[in-house]
Amino acid sequence: AKIDTIIADLHATEHREPIRMIEGSCLELMPQMDAGSFECVLTSPPYCNRYDYTRIYALELVYLGKSDDDIRQLRQAMLSCTVENKEKVVRMEQHYHSIGRTKNFRKVVDLFHHSPVIDELDDILTRLNSRNLLNNRNIPRLVRNYLFEMALVIAEMARLLRRGGYCIMVNDNVQYGGQEIPVDLILSDFAEQLGFRVQRIFVLPKGKGNSSQQMGQYGRTEIRKCVYLWQKA
């Protein structure tokens, strides 16, 4: 019944262009699209919060005929957001090289490796890990993978948007070991360096509480839930 409602809504809406649905990872598909081919990007990517969407939507994936192996492969192909995700740097470098865009990849790598914020974050999470204050030892890897891959995505969104076009992104900050990670500020800083002007970061009136485990140890702290508004410079 819900799908019928969605279909009816789509038929009732006039579109200048036909709707085109593309199946695959944004990390692999976006670099192959033509520059300046979009006027607006509206997205809510996975958050840096350890949620394994392949498990959350396991029932739907099985219903669509996906096997255990398919789901495991999907988990590794999607944007890193779980402690099980392995680093994709080598694979992504090979992908960019295969399509003749190694220079674009290296630009993001250089930006990421020369970011003092990333260095500071690595240092904080490493120290928390050494003191056993993180509930999983792979959290530093998760955060680093997530931010690097999001930098790649931001670079591609900037390339794909026409001048003056907008990117609207929904995302939440996260907290590990009592340390809030200001994802909104980090990604907006990347955006400024990769071709966007940050117009506004809208902060939702009601934030998100930390987990019950962290509340017991650090007390209740509220972290920002945000909508970013970036414009292609």
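**Stop one: Leu-187 and its neighbours**

Select Leu-187: leaving out residues up to four places away in sequence, it touches Leu-147, Met-150, Ile-154, Met-169, Asn-171, Tyr-228 and Trp-230. A contact here means heavy atoms within 4.5 Å. Before moving on, a word on what you are looking at: this is a predicted model, where local features need pLDDT of at least 70, side-chain atom pairs count only at pLDDT 80 or more, and totals for chains, interfaces and linings use all residues. Residues are numbered from 1 along each chain as its sequence is written, and side-chain values use heavy atoms, with hydrogens and water left out.

**Stop two: the core**

Which residues touch the most other members of the largest nonpolar core? Pick Met-157, Leu-187, Phe-190 and Trp-230, out of 50 residues in that core. Several elements each supply at least two of its residues, including helix H7 (102–113), helix H9 (139–160), helix H10 (183–193) and strand S8 (225–232). Colour H9 next, as the largest share, 15 residues, comes from there.

Buried means under 20% relative accessible area, exposed over 50%, and partly exposed in between (1.4 Å probe, protein chains only). Helices (H or I, at least four residues) and strands (E, at least two) are DSSP runs, numbered from the N terminus. In soluble globular proteins, nonpolar side chains tend to be buried together.

**Stop three: the rings**

How many aromatic pairs does the structure hold? There are six. Rings of Phe, Tyr and Trp (its six-membered ring) pair if their centres lie within 6.5 Å; planes under 30 degrees apart count as stacked, over 60 as edge-to-face and the rest as tilted.

Show Phe-112 and Phe-148: they are edge-to-face, 5.4 Å centre to centre with 75° between the planes. Phe-112 is in helix H7 and Phe-148 in helix H9, 36 residues apart, so to speak a link between distant parts of the chain. Phe-112 is buried at 2% relative accessible area, and Phe-148 is buried at 7%.

Now select Tyr-228 and Trp-230, a stacked pair at 5.5 Å centre to centre and 25° between the planes. Both are buried.

**Last stop: Asn-49**

Jump to the loop between strand S1 (38–43) and helix H3 (53–56), where Asn-49 lies. Is Asn-49 buried or exposed? Asn-49 is buried, with a relative accessible area of 13%. Its neighbours, not counting residues up to four places away in sequence, are Cys-81, Val-174 and Tyr-176.

Note on methods:
Core = buried A, V, L, I, M, F, W, Y, C linked by side-chain atoms within 4.5 Å.
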